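Colleague: I'm new to this one, could you walk me through it?
Modeller: Gladly, let me put it up.

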Amino acid sequence: MSSVNDCKIIYLPRIASRQGCISPVTSCKDISFDIGRVYYLYDVPDGESRGGHAHMQLQQLLVAVMGSFDVVIDDGREKKRFTLNRGDQGLFIPKLIWRELENFSTGGICLVLASDIYDEKDYYRDYDAFLRAQNR
Ligand code: TYD
């Protein structure tokens with residue numbers, strides 16, 4: 001089982017210079033898992049939300065590389081809201097956490113570093129099935 005308390009803000013390196021910033025993310029150093037896939041959410045229309053699922057095994061780090069959005073995480077017992085709005089901070093989400101991404105700012109981009117390739121069989125898209133998996 002996972003808890004919302006296992007979801008943590010990860011402070012990433014920030015290499016700043018007059019020309020701007022770089023934030024490198026290295027597997028097993030800045031994040032605890034090997035990166036198996038990178039994807040990003042963008043062009044999210046005003047008022048739209050994303051997510052609405054949990055993963056059986058997948059672990060993820062979410063970074064607002066542009067703009068901002070909120071992530072509501074839910075372990076079936078407790079919910080927590082994080083606002084992400086910095087390129088040098090990410091939200092680590094372990095397996096078995098329901099998540100909703102909402103309040104995207106115009107042009108907001110969510111970078112996702114994931115521990116594995118895409119596999120639809122790894123999703124709980126049904127909230128009751130997720131609750132059963134969490135023994136709630
Ligand atoms: P989903 O993970 O539900 O998106 P979000 O959590 O951002 O709302 O994925 C939406 C659709 O995109 C779904 O049909 C699966 C597909 N998809 C892929 O084909 N590959 C991927 O790596 C991801 C993340 C999604």
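Colleague: Is C28 buried or exposed?
Modeller: C28 is exposed, with a relative accessible area of 54%, where exposed means over 50% and buried under 20%, with partly exposed in between, for a 1.4 Å probe and protein chains only. This is a predicted model, in which local features need pLDDT of at least 70, side-chain atom pairs count only at pLDDT 80 or more, and totals for chains, interfaces and linings use all residues. Residues are numbered from 1 along each chain as its sequence is written, and side-chain values use heavy atoms, leaving out hydrogens and water.

Colleague: Where is C28, and what is its phi?
Modeller: C28 sits in the loop between β3 (20-22) and β4 (37-41), strands here being DSSP runs of E with at least two residues, numbered from the N terminus. Phi of C28 is near 65 degrees, a positive value in a residue other than glycine.

Colleague: Switching topic, how many residues has the largest nonpolar core?
Modeller: The largest nonpolar core has 18 residues, and V71 and I73 have the most contacts inside it; such a core is a set of buried Ala, Val, Leu, Ile, Met, Phe, Trp, Tyr and Cys residues joined through side-chain atoms within 4.5 Å.

Colleague: Which strand gives the largest share of this core?
Modeller: That is β7, with 3 residues.

Notes
Helices (H or I, at least four residues) and strands (E, at least two) are DSSP runs, numbered from the N terminus.
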